[in-house]
Each structure stands twice: as C-alpha cells, then as structure tokens.
Amino acid sequence: MEYQMCVSLGMGGYCDCGDSEAWKRDPCCAAHHPAAGPQPAAAARPELAGKAALVFSAAVQYALCVFTPDASLMKMVPLDLDLGREHYPTRNVRYAATLYNFGVSVYDKVAETITSCTRCSPEEARAAAAAVRREGVAILHYSDFNGADEMRKRLKLDQHRSLRRTEIHVVHAHVVAHQRFVLRLVRHLRQLLEDRPALRPIFSAVMAETVGGSGSLPCLLERLMACDSRQWKQMRHETHLLLIQGMLMDIESKKFFAEVFTSRYQEQTLDSLPCRVQEQGTVLDLSVQIYTVPSIAHHLLAHHNALAVVLGTMVDECSTYTHGGQLVLRDVSSDVDARRRFDRQLSCLMDARYLLSVVPDERSEAVRAGVRRGLDALLELLFFCEGMEPVVRAQTAHVLYDTPYELQLTVAVSLAPLVTQLLEWCAADRQLLVYAYSAVLRKLHARLPPDKYFRRDRAALFGRSLSVSQYTVTTIPVSLELPLSRLFAGLHLHLAAHGLSYGSAEFASLPERVSPLQLLERPLRALVMDAQVRAGQWKRNGRSLEVMCSWYSLSMQVVDMRDRDLQMAQICASLLDSDEFVTTLMFRHGANLYLTAGAEGARLEDGADRDMREHMENNMADFLLLLIHVFGERFHPGVGEVTKEQCVQNEVIQFLCVKPMAHSQVAKRLPEADVSLLETAVHQVADFAVQEDHRGLRTYQLKPEYYSRYNCMWHHFSRHDRSQSERLQRKRRQETGDPSCLPPPSMPPFQPSLRAVRGVLVCHTTLHTMLAVLKRLTDAEPAAFSEAIFQRTLFLIGMALNEEERQVGQSAAFSFSEPAHQVGLDRALRQMVGSPRVSSHADLLAWVVAKLDRLLGRAAAGAVGAASAPADAGAPADAAARRARILGQMQAQQKKFIAQNVAALAEEEERPAAEGGRLAAAGGGSAMDLSECAGAEEWPVCLGPRQTARPATAAEYTCILCQATEQVSSTRPAMVMAAFVQLSTVLSRDRSPAGEPPTLFVPASLHRLPHTSSCGHAMHAACWKAHFDSVARERRIHPRVHYLSGFDVQKQEFLCPLCQRLSNTVVPLVPDGTRRRPAGERPSGDHISVWLTGLLHASTLSARTARLCFGR
C-alpha cells in the first residue's frame, strides 16, 4: 500500500497507525496489525485506580498552583505552597535573575550576551545557554532582590537585539524550585501513562473533575488550558505531551477534550496572540489531533457549533482591521507585531479546513444547521475580503514605493482551499446548496448595490444601438481579491445537478438579488487588468502588481482564482444576451477603440501615438483571447460534460506538449487537489522513455495519438509555455511532413445549462467584429499588421467550425457557417489567401477556408483545396505526393534561377582572364600613377571642365547574409550598407528643439542636421529586405517582448546581422561614374542642373525618411 506522508505544524502528536478513521483502508501496518480474536481490555485494579486518581489529582492541582497568576509573575511563592515565615529567615531570602526560553533558536548570541552581562567565563555562559535550550530556563544571577533586579536591567538592554523571544524575571528562589520540580513531575506522569495504558481512563476522569466537586466551576482540563500562555517553552511542550498520552489515545477521552477545546477556542486564541507566545507551540496546535477525526468533527459541528466558533474568532479579529466594511491590511503589513498577530489568527482557517475535510455520506439536520451557522461566519469574512486592496492605474508618474502584497496573498491562499471544501459540502446536499446560493446573492447585493453602480448609455456599434457602461479598467480601482464572487461561480456550477438554475423559484423570490450583468463586472475587471499587466500597460504601478498577477495565474492558485473568474464569465454569457455580453467584454478591454479607428479610416501608424496603437492592438488581441477561453475552455466539471479524471488528463496532455517532463515537473504544475489523479492520467496519455538528448533522462513523452488535442490557446499556458509549445509542435509537424498550422482541437460539449454560451460566436456583434478585423488587416500597411490578432481570429473561427462539425445532424445544432456566409466572412478570408503578410499562418488560413467551404456544401477551389486537403486527411499517400511536389517545385526554381542568370555566370567565368590581360597590357603600372592617363606632352587636369578622367576599378563586396561576392555595377544586383541616421547638434549655434530640420540647404545657424554613421558591412539590397521583413514579422508575432531586443521595429530599427550594431537605414553603394573621355569631349554643360534636380528629388525622400526615423 502506498501512502503520501506529510508533516503538520504543531508541538508533537502521535502515530495514526491503527486508527480506522485516519485511513480509508488498511489502517494498520504489518508490525501493528492486531492478532485474530477479541482482545481483552486492560483495566487497572480497583485499589490501584483509587490511588492513581489521588496522585493524578494532587499532581495536576500542584502544577496549577505553580502557574497561578501570582506565581507566574515570579515575585512571590503561591499561597498554597507558602510554608510560613519561620521557614524563610530574612537572611536567607534569595532571588534569582532567571532567563526563560519562549522560542530562541540562535544560542550563540545568548551565550555571548550572558558573558558580557554577567562577567562569567565562556564555558559557564555556554552551559547556561545549553540549559535554556534543554530545560527552557536558566538561573543567571543569585543574590538579594536588588542585585537580581540590577542583573535583569542589564540583560533587558540586549533583549531586543540578541535575546528575542526570551523573558528575564527576578524570581523567588523557592518559586524556581517549585517550577523545576513541576517540570520533572509532568515528565514522570507522561512516562507513567505511556508505560501503563490502563491508567489513561483514570487520568481522563480526573481531568474532567471540578475542584471542590461543584459543577459550576471549571474542570481541571479547562484550568490547565487557561494557564497555557503562562508556561515557558519546555514546560508547555511537556504539558502537551501529557495531554496527548492521557486524553487523546482513547476516542471517548478525545471527544471530551474536543468539547472543552472548542468551548475555550476563542479564549485560547486571544491568549496566544501576544508576541511572546506566537512563535511557539500552544495548546491550539492540538486541533489537528481532534478536528481531523471525522466522527468527532461531525459531532462538534452538530452539537457545539465548532465551525461557527472557529470562523467567528477570525471574523472578530478581522473586524478590527476593516474600514467601511472592507478589510484594509496596509497598517497590518507595516507593523511587525500586528503582522505576527494576524498571521497567528489565520490558523483559524486551517482549523476550519480540518472540520470540513470529510463530507459525510448522510447528513443529519443538526449537522446541516452547524454548517449553515459556520457558512454565515465565512460569508461575513468573505464580505470583508471582496474587493480588498484595489489598485488604480498610474498613468502620469511611477508610484513612489511598492505597496506590500505578502499579507494579501496569504489571505487569498488561506481562503481558497476552505471555499473549495465548502463547495464540496454544498454539492453533496441540496438544502445546503440552496441556502448557500441565496446567502451569497444577498451578500453580493450588499457589496454591489444597484443604485450605486455605473450608469449605462446607448452606443452604436455595427448598425445597432446597445446599452453599455462607459467604465474603463484604466481609470477606476480594480481588485484581484474576489472570494465572494468566486464562491458564487462555484455554487452555480452545481445547481444543474440538483435541478436548479439562476431563475428557479427558490431564488427568484429573493428581494435582494444581483443581476447577471452586475455579477460579471468584478471578475471581468480582474481578467482585463491581468491581461493589461502582462501587456505592460501597468508598469508605473510597480513590481508588486506584477507579482500579484503572477500569483493570479500560478498553477497552485489558478483553479481558485483566475479559473473561477473565467467560469463567472461563462455563467454570465449563458444568462445574458450574447450581443450585450460581447459588447461588455469589448468595452472593458477597450477593443472598441481599435475597431473605431479602423472604421474611420485613421492611419494609426502615422497619426496616432505609437504606444497608443500598441495598446489598442494588445487590447484587441486580449479581447479575442478571452472570447476563445469563454467559448473553448470546457474541461471543468459543471462547465463541460467531463469528469475530473478527464480534466486532469487534458492538463497532462497540454503540459507534455510543451516539453517532455519528469513526474515531479508535471505534479508541480497541477493543483494540489489533482495530484492524486495524476498517476492514472499520465500513464494513459504518455510513455515513460529516455529523452533524446545528451543527458539521457527518463521522462514522460506524449503518445502520438494525443498530439491532436493540443490547444495553443490553452488558458493555463504562460507566455513562455505557449511560445515553446508552438515551436515544438511546428517542428514535429514539419518532421512528419504535415502542414505547420496548429488548428483548434475539438472540445467536449457544454453542460445543458451553459449551452447558451455558444451564442457568443454567432451573434451580430462577434461576426461583424471578426469581419472588421479581417478587413482592417487586409487594408492596413505592413507596419500595422498584427499577427496575434490575425491568428486569434482564425482560431476563433476554427473553434466555431469544429463545434458545428461535431453537431452535424443533431436537433437544435449549432450553426456558424451560414451566419458567417451572410455577413461575408468567407469572402474576407479568401481575399487573404496568398497574401505575403499572412505567410506565417497560411496553412491555418487554408485549413479554416477549406472547412468553411465544406460545411457550406461546396468544394474548395484551386490552391486552397490543395493546401488544406493534407491538413484534413493526413494519409501517407498524400504526404508522399506532397513531398514529391515540393521537390519538383525546388528543382523548377533552380532551373529558373540558372536561366535568368546565364549572363552573370558567364561573366563570372570570363572575369579572371580579362583581369589578367589588362594587367599584362598595363606593363605592371600602378593605379596611383596618374601620368599613365596622359600623353607624353599632356599632364592630368584635376579640376574644371577639362579635368582628366581617373582610372576606376570596379569595387567588390561580400554580402554578409548570403556570403556571395558581388561587384558594384549598374548591371549587377544593388548593394547596401547598414547605417544609423540621427539628428545632431554638434557645431550648431542653435540647439533649441523648435523648428523644422533643414532638408536641402544648411542655414547659417547650423541647426540640427542629420548625422549618418555606418559599420561598413555590405549586403545585397534584396537580402537586407528579406532579413528586415523576417525580423519585423517575428516582432509582430511576439509584440510583448520587444523591450528585450534593444531595438524597435516600428522605428525602422534593426541590428547589423554581423556586428549587431544598431541601425535604422541602409546606404546604397554606387559604382564609380568616371570614365575615359576622348581628347575633344567636354563634360556636359547641364551637369549642375542635373545635380540639383537629383538633390531635390533626394530631399523629398529624405524628408519622409526623417518622419519615420524621428517621429516628425
């Protein structure tokens, strides 16, 4: 049998071996398995039982006397233990400066402090520090009261520096003796109970007795718990072990202990809140021993309101940190003592999780009542946390300091598992579900009052007038802490299993109920803010917000945070009109600005700010991605017709599409609740094989038949995982000869209650949005083309086509092809086929067009059908034919190249012979000897119309991209050099930024002028153009990582392919225009006008280049 072992926090415990309630099956190991047959119960003899009861009662009462408030002050002997003044002569009255350990961990500093304050030897100081560590108490100075108090004052000065979590007291010598004796007595009693198990019932009965026999007085157990905070570390530890041995080994004794523990829970929590008690074990740590036993937990829920007591304690503490009914943790985070106090209070949430850890098969009315009372307390706590710590986008200046976020994350992490457990209880009981759903609606109504909500206006969009709210996430506070809304989303997914819905009679009569549009607001704000933070639009808000958003999508919290918000969006999509829902999403993202700019014909790349254009493109891409997630994410029980095992299997498939992983890597990416299902899922979809690399590690590799379920837009992918998985899957498909497109996989059907979500893709707003996006991408200039928007639009269309294809022949089937054809979406897609700008997604476009044509009942034509057929069929014969066709195309291109460059190849062969003949005819003359150009009586003329022509040899350069050597000539391919052009004020008399830069003539003030520098590396103009287009295309695919590259493609910047120098233009290499002229020939007389005309033409080109380079 395999067990998963874990360690709980606390001061001790005992083995659960043999406890049938602690294990689902096989509670005993082989070493402790009971022998066959009934075992006689061991019982103490009557005379021994009476004596044991007297000893236990006297010992416990003696210990309580030592730890009474008077004795705990360490100033006087307890009255019950005072032997009288005759036994304490005045000359023998002694006091001790005693150091008590309340959780010291660094004992070297303790020894150093003792040495410096007491002037003892290092050996004695180390012995005292060892006593503090072992016994929890050490006497540092022994004298009269004044001398002991002086030592206490000296030690007090170093307490906050090196003696933290310790206390120094001046104690009467006889009090010290009693304390040391009590410590040994408790150890002896614990050992006695461990050796004699028959005495445990007697000890338990003694602890239930009251002093003096009166039932109105607290029993010994309550009194012992009350003095828990007055004991030092070692004494408290020994007391807890005594309680474990004496009361927690028997089920009846444990039940009595649990009842007393629950009745004193709030008092014990308040006693444990002081700073000196927080970092050590208290009696509250024994909650794990009693609240995790199902029978005891259900008994406490039914008869002692345990859940309401535990959560009510937390609510009472949190109410002191609220402002306007909302939890404010900034003051708590800045105060160390308040932070420790609050952290200690969060342990109440763990105790509540213990109580709800097991859902009983049959629930009595008393248990339901106890859970309902606890639910009311939990909803009050969630009400405090709803919308906690909102953030407003900083638009003008960066925040001065990062706001603390650790405590906010701690609260969210602590609440999420408790909410999940409560959902399990409600899912198993219809009455609890109805009560919880109604209570959450009332609480949401109190947090989101309709009369204070945002005013809605009428907006015209695609020829229709819709009601929208002009709310923008960038100007109004947004919070990621929405536990109440997420609880509602989880409850709603369980309604259908009990025959309930949002409009059922149980909820329709509620006077306080929130509308679906109001339910959508807060989760939608969180989703939009998370997308904008990842797009870099909230950089001025500091690092803390980025960390919060990373936790929002972290694998450990994504199920309880981001997934719940997405499920809320899906729920509201099924309850709202589809056009109203899509319009709300569009306006929240700000995607309507992108569509409006395209409809008005604005040229964002020329007229608008570049950052604004990037933000609008990112917002549009995020809006399309959220539509993809709302329509396509169905692998969750209650959303799609799937089981929990199928959901875990899908997650494993997506993770293994990123890369082969070890078992631990897959387990870390899954939520904690799903790890138990990992073993079965991973063996179904993956093979455990040796990885094909130099390390030879054994990892899980996905089986080939499951690659078709890869979803490149999966909502749990990070940006890095999405990019890595796309690259790996494209490479795999190229190796197998398949097209490199990554079409959307087929999704499971929605639950009947959520099938209305499918209407978001066939509504008027969505269809015209996709049409407007495709038209804009077709008409836009290359710099304004966004491959992310284009890919997500195709993916969205492909998902709709898959959904229609899956439901062909069913009644009330989903239809997308006909509405798409009516608005002209198919024609817009065909217009983009063959366009160079969509080359990276040409296969996906062909796949979408082919499937749309097939569903419309007509065959794909021409190249579209040829390109899309392999994507649908994928047969081996088709793959072989495709490879043969590609090889034939390559051979045809080679022949065409040779035919077009016959003259160049012939010239290349004849050039060496011509060069040799020329050098021989020159007689070995030098190119620097100008006298060779003139006759015997004629000297060369350098300037003027009669200047002598200079001999020029053709320059040759090697292209740094294709490595071909090229001669600079008017008949050869053009060559260019990478260069960087910028405005410079060097030697300028006027450095003011105002005024237009000169484009033709230099003014007298020498205003800002262009300065050009080049690294001197040459390349073919065609090679450079292909290189720049490739870089620009890569940046458009991944627009959010441009800040890592050090250059901006939007400013026409690039890096030299050889030296990586920053450049923003290229300089053409022109051939030498000088040639030999006959003796009587004169230079052309209109050479000045020709030069001026060419200069004017160049000035117009340079002006446009300056606008592109300098933003003018």
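How many bridges join strand β12 to β13? I looked that up first: nine, with β12 covering residues 975-984 and the two strands running antiparallel. Helices (H or I, at least four residues) and strands (E, at least two) are DSSP runs here, numbered from the N terminus. Two strands pair if DSSP finds at least two bridges between them.

Note on the source: this is a predicted model, where local features need pLDDT of at least 70, side-chain atom pairs count only at pLDDT 80 or more, and totals for chains, interfaces and linings use all residues. Residues are numbered from 1 along each chain as its sequence is written, and side-chain values use heavy atoms, with hydrogens and water left out.

On to the helices. α25 (residues 516-534) packs on α27 (residues 562-575) at about 140 degrees, axes 9 Å apart. Axes are lines fitted to C-alpha atoms, for helices over the stretch in contact, and angles run from 0 to 180 degrees between N-to-C directions. I put α25 down as oblique to α27, the term for whatever is not under 35 degrees (roughly parallel), over 145 (roughly antiparallel) or 65 to 115 (roughly perpendicular).

Last, I listed contacts (heavy atoms within 4.5 Å): among them are L519 and L520 of α25, and L566 and M568 of α27.
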